[in-house]
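Q: I'd like a close look at one part of this model, with the geometric criteria spelled out as you go. Could you take me through it and then relate it to its surroundings?

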Amino acid sequence: MSLNIKNPEAERLAAEIGALTGESKTAAVISALRERHERLLTKRQQLEDATMADDILTLAAKIRSRVGGLELSSDFLYDPETGLPA
């Protein structure tokens with residue numbers, strides 16, 4: 001369970017962030033990884049949501065094209081006199 005990073009830039013950035021925040025280099029790295037992880041998960045969820053919305057719009061267009069000129073109404077569900085559900 002160890003991670004040994006031998007990169008001068010990573011060392012420098014961890015040290016600078018640690019100095020700015022008062023964290024250890026390890027804590028700075030963990031915090032940075034958590035933040036990136038959260039951003040990536042959010043981005044993935046947004047992409048999935050956009051894809052789902054596109055799928056729903058595509059399905060709606062297919063349904064509309066198959067229904068054609070039919071008049072769809074929910075009037076039969078309600079009593080014409082009271083407006084309450086039939």
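How much space lies in the largest pocket?

A: Happy to walk you through it. This is a predicted model, where local features need pLDDT of at least 70 and side-chain atom pairs count only at pLDDT 80 or more, while totals for chains, interfaces and linings use all residues. Residues are numbered from 1 along each chain as its sequence is written, and side-chain values use heavy atoms, with hydrogens and water left out.

The largest pocket holds about 430 Å³ of space. A pocket here is an open set of points on a 1 Å grid over the protein atoms alone where a 1.4 Å probe fits, with protein on both sides within 12 Å along at least five of seven lines; lining residues have an atom within 4 Å of a point. The volume is the space filled by probe spheres set on those points, joined across faces, edges and corners.

There are 14 residues in the lining, and I5, A10, A14, K25 and V29 are the ones nearest the centre of the largest pocket. Two elements each give two or more residues to this lining, namely α1 (8-21) and α2 (25-67); helices are DSSP runs of H or I with at least four residues, numbered from the N terminus. Helix α2 supplies the largest share, seven residues.

The word covers values between buried, under 20% relative accessible area, and exposed, over 50% (1.4 Å probe, protein chains only).

A search of the whole structure finds two salt bridges. R12 and E16 are separated by about one helical turn because they sit four residues apart in helix α1. R12 is partly exposed, with a relative accessible area of 40%, and E16 is partly exposed as well, at 39%.

From R12 to L70 the separation is 68 Å, for 58 residues along the chain. L40 lies in helix α2 and is partly exposed at 47% relative accessible area; its C-alpha atom is 45 Å from that of L70, 30 residues away in sequence. E48 is also placed in helix α2, and at 43% relative accessibility E48 counts as partly exposed. Between E48 and A32, the C-alpha atoms are 24 Å apart in space and the residues 16 apart in sequence.

Finally, there is a surface feature. F76 is found in the segment after α2 and is exposed, with a relative accessible area of 64%. Together with L77 and Y78, F76 makes a nonpolar surface patch of about 340 Å².  Such a patch takes residues with over 30% relative accessible area and no salt bridge, its nonpolar side chains (Val, Leu, Ile, Met, Phe, Trp, Tyr) being joined within 5 Å; areas come from the Shrake-Rupley method with a 1.4 Å probe.

Terms used:
Patches are made of residues with over 30% relative accessible area and no salt bridge: like charges are joined within 9 Å, nonpolar side chains (Val, Leu, Ile, Met, Phe, Trp, Tyr) within 5 Å. A salt bridge is a side-chain nitrogen of Lys or Arg within 4 Å of a carboxyl oxygen of Asp or Glu.
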